[in-house]
Amino acid sequence: MARKFISGINLYLAGIILFTLLHIFSEDTFGQHQVVNTNQTLGSELDFLSGRYKVSFVYESGLISEVKLTGYKRPQQADLDLTLTRLLTPLNLSFKQISGSQYIIKAGVIQKKKELKPVTLSLEEVAILGSHASMPRTKLQTALPVDIFNQHTIAQTGQLELAQMLHYSSSSFNSSKYGINNVASYAEQSTLRGLGPDQLLVLINGKRRHNIAVLNLNNTIGKGTAGTDLSAIPSAMIERIEILRDGAAAQYGSDAIAGIINIVLKKDKGGFYTTQLGQTSKGDGTYTQHSLGYGFPLATGKGFIDVSMNYQYEQTTNRARTYNGLVYRAVSDTSALSSVDFPAPADKVSENKRRDDLLVSEKRFNRNQARYGDAEVKNIALWFNMETPVNPNWKFYSFGGYSRRRAITFGFYRFPNFYPASSVLFPEGYLPEFPAVLSNISLAAGIKKTSPTQWNMDFSAVYGFNQLKSEAVNTVNASMSASSPLAFKAGGTILQQGILNLDFSKKLAPGINFAAGAESRLENYRIIAGDEFSYLDANPAGTPPALLKLPGTNGRPGFQPEERLTKYRANLGVYAEANIDILTSTLLSAAARYERYSDFGANLSGKIAVRHKLSDQLSVRSSISRNFRAPSLQQVYYEQQQFQFFQKNGQSGVYLVQHFRNDSPVLQQLGVPKLKPETSFNLSAGIAGSVNSWLSFSADFYYIPIRNRIVVSGRLDSSVTALKPVLASAGVTDMQFFINALNTYTKGLELTANYTTVTGSQQSLTINGTASFSQTRVKMRIANLPLSGGGNIPGSSLLPRIDIGIIEKAQPNNKMIISCIYQLNAFNFLLRNTWFGQVAAWENDPVFDQTFGDKVVTDLQCSWQLNKKLSFTAGCNNLFNIYPDEIKEINALNTNLSFGGQIPYSRTANQFGFNGMSYYTSLRLKF
C-alpha cells in the first residue's frame, strides 16, 4: 500500500526533474556581460554579483543600505575577488570568503604596525540553518538560537568521534559512552536539551540523515528510541556544524522537536593527512586514527570534489572491580542450613558466603574476570562532497559516504552458580563477547539554481542505509548442553530511506524572502533472523521449571524465522515559508508544513519567529512552533520473543518475555491503541547582542511540552489479571509493547558568551562560555489502561519508576563549558573546564535510588604550527583524573546494584563516561 501511495508521487517528481534538466541544457551558454556604467546602490550591485558568480553575501544591513555607487564601472571579465576589491575598497569596506560560496562584508580595519584588530567576533559565524527562505545571517541576526562550530573548534576537543566532540563543545548537547549496554555500546545516545535521541534531527548539507535500524531497549538514556549514528561521519570531512536549538518541524519535518544538527561538508582544495594516537592513564584504551583527504578543482576552479578516508582503531577499557558475590553456591543454598544453628537470616547468609569462599580458594577461581568499559572498535569511513556548474545558472552537486564500524562488547560473567546459563563446556563459568557490525551508506545528488532576481531552485534525491548485524562468541545455548556451539549469528535489523526534495525560494522584494517545496520519503525496515542455534530451545519436553536452561544464545538471543519482516512506509510533505524584514529592525519569520503518512495519517506543523533589534548591539527574539515526531518503523514493528533473567518479587529467575509489535492482533484484541505521533508546542524567548567588537552574548529560555510521548512498557505478567489468558495463549510469562503513555514538560535556560582580544601582532586571547540549565518532568497520560475484555493495566506497570528516572534524571540537566584559547606566535594553548550537574539512577523501589554528584572535567591542549603545512598537537583530557561517583550499596548483604561489586559506576545514569584521564598527540600535514 505504501509503495502504491508513493509511486505516483515519485513519477510526478521525476517528470519535473526531467523537464528541468531539458530546460537547463537548452539555455544559452555563458553569456557576455557588457561593461556598464552604474548609478545604483551597493546592495543591488551585490545582488547582481551574487547571481553572476553564484555566491551569497552576508553583512549588517546598516553597513550597506542606501550606499550609492557613482561612476562605478563593472568589470566585464574579472575574478570575483578583484571585482569586490575594486567595489569595496573606495567605500572603506572589506570582504572575507568564509566558505566556497559565501562572503562576509565588514567595515575596513585600520592596521597600525601590523597589529591585528578583531572585527565583531560573532559576525564571522554565519548560519544557514533555520530557514529555507532567507539569505545566510550572522548568529546575532537570526530569530532563533544557532550554535556554530568549525572544524578547528571541534578538533580542539581532542576527542575521536563526532558525538564526543559536540559533548565537549555544546552545553545543550549530551552524549556519553556506556559499558555492557547493548546498542548504547555500539552507537552513542546523543540528545539535545535533555530530550530523546530520536527527537533530534540530523542533516548533512541541509539534507535529512537516516537513523540507526536498531532500538535501544536497555535501561539507559534513550531507552526505546533509535537515534542517528554520528560516529559514521568523520570530523576530518566537516567544514562546520550548525546546531539549531529550537523546534523546526515546520521547515524540516518529523523528529525536529529538540532541534537540528546540520553538518556542512568540506569544500576545500588541496590535501591533508592527520594522525592521532592516545590512551588512558591506566594504560588501556589505546587508540589510533588516520585521516587522508584531498580536494580537487572542477570546471576550471568553479567546482570542486573533496574526498576523504578515515580509519580508527580503539582498544577496550576496563573499570570492573573484583567480584565479591557467590561463585559456586547459590543464595537458595541457605535453605539447607539449620535454623537452630543459625537463628538469624544474616547468620545463614554469612555462613553460605564463608563456605563459598572456601570453594573459591580451593579451586583457585579468579574473581577478576569481569569487563566493564568502552568497546573495542574498528571503524573505516569513505566520504566525498562535490559541486560543479552545469551552465551559467545551474550547478550539479553530490555527497555521501560509506562507513563500517565493528565493535566488540562484553556481557556479565556467567558464574558457575547461575544454573540457567551454566554449561559443561565452561564448568568455571564464561564471559560472553558480543561483536557487531554497524554499516552506513548514504548518497545524495541534486541540481540547484541561484539567482538574485528569479526563483532559486533545488531538486535532490537522497538515499540512506543502516544495518546492525549481531554476533555472539565465547558463550553457549545452555539448553543444548555439550552440543552447543560457541559462536552464533543473532541476525540483525536494516533501515533504508529514499527521499526526493523540491525546494524553491525567491527574494520577492527588498527584505521579503519566500520559500516553498515538497518532500517525498519512502522508508523500509527489516528484521533478519539469526542462525537456528541462536534461538533454539533444546530443553527436553517435560523438564521441571526449576531445571530449565536458557534457550538461545546466552546474552544475545537471535531473531526467530517467524519474527522476520519487511515493512514500508511512505509520506509526502509540502511546506511554505516567508521571512520579512519589517523596516530595518524587525525580522518576522513564518512557516507551515503539511505531511501525510501512509500508516497514521496527516500532520500540520507551524512556526512563527520574531527578532527585533533594540539597537545595533542588542536584539530580542522569540518563537512559537508546533512540532511532531512520527512513530519510527522500529517502534511500530519491532517484535521478539526471548528468555530473560531478572528479579521479580524479590526472586531471581528465568522468564519468557514476548515483545509484541504495535499492530499485533493480540494487542488489538486487548484494546491497546495504535501508536500516534508525538506533538509539542515549543516556546522560546531570548536576547543576543554584543557589548563591543570583542564581546558577544546570548540568553534563551525555552519551554517544550510534549504530548503522547512513546515509550516501551514495563514487563507485564499475570499479576495483571486481564492478561492471564493472553500470556497463557502466547505461552510466555511476560509481555511488552510500545505505547503513547505519557506527556513530558521540559523547560530550560541557555547562555553563551564569547570574548576575544588581540594583544599584539601574533597574540590573542579568546574565552568562550556556554551553559545550559534544564528540567524535565513526566506526567502519565494513562493512569490505568482499560482493556477491551475488562480490567486494566496500572500506569505504574506501563511505565515503571526506573524508566521515569531515565527521562528525568539520567543525563545532566545542568552543564557549563568554559574554554580559554591563547595564541602566541606559532603556539596555541587551550584550557577547557566542563561542569556536569548531578544525575540520578532511580529504581522501582526508592530505597535503592542513587544520586551522583556534579563534577568538573578539565582538558589541556597545546598546538605548534611549525610552518604553513605542518602542525603538531599534544593534549590531556580529564587532566585531574575525575571519575563519576561510585554506586553505593544499601547494605553488605545486597550487592545487586553493583552486580556483586563488579560495576562501580552506574549503567543507567551518565555524565561523561568513566575512563578517567587520557592523553594524546596528533600531527596534521597539508599538501
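Modeller: Gladly! Buried means a relative accessible area under 20%, exposed means over 50%, and partly exposed is in between. Please keep in mind that this is a predicted model.

Colleague: Thanks. Why is Phe836 called buried?

Modeller: Its relative accessibility is 0%, and the cut-off for buried is under 20%, so Phe836 counts as buried.

Colleague: What makes Asp717 buried?

Modeller: Asp717 has a relative accessible area of 13%. That value is under 20%, so Asp717 is buried. As for its place in the chain, Asp717 is found in the loop between β31 (695-712) and α12 (724-730). Its side chain is joined to that of Ser719 by a polar contact of 2.5 Å. Ser797 is 80 residues away in sequence, yet the two C-alpha atoms are 9.6 Å apart in space.

Colleague: Let's turn to the rings. How many aromatic pairs are there?

Modeller: The count comes to 22 aromatic pairs. One of them, Phe827 with Trp864, is stacked.

Colleague: What makes the pair of Phe827 and Trp864 stacked?

Modeller: The centres are 5.7 Å apart, and there are 10° between the planes.

Colleague: Why is the pair of Phe836 and Phe912 called tilted?

Modeller: The ring centres are 5.2 Å apart and the planes are at 35°. Stacked needs under 30 degrees and edge-to-face needs over 60, so this pair is tilted. Here too, distant parts of the chain are linked: Phe836 is in strand β38, and Phe912 is in the loop between β42 (870-877) and β43 (918-926), 76 residues apart. Phe912 is at 10% relative accessibility, so it counts as buried.

Colleague: Last one: how do you know that Arg801 lies over the face of Trp842?

Modeller: Arg801 is at 4.4 Å from the ring centre of Trp842, and the distance cut-off is within 6 Å. Likewise, the charged end of Lys448 sits over the ring of Tyr397, 5.5 Å from its centre.

Notes:
Residues numbered from 1 in each chain as written. Predicted model: local features only at pLDDT ≥ 70, side-chain atom pairs only at ≥ 80, totals over all residues. Heavy atoms only, no water. Helix = DSSP H or I, 4+ residues; strand = E, 2+ residues; numbered from the N terminus. Buried < 20%, exposed > 50% of the residue type's maximum accessible area, 1.4 Å probe, protein only. Polar contact = N/O pair within 3.5 Å; in protein donor to acceptor, adjacent residues only side chain to side chain. Phe/Tyr/Trp six-rings, centres within 6.5 Å; stacked < 30°, edge-to-face > 60°. Lys NZ or Arg CZ within 6 Å of the ring centre and 35° of its normal.
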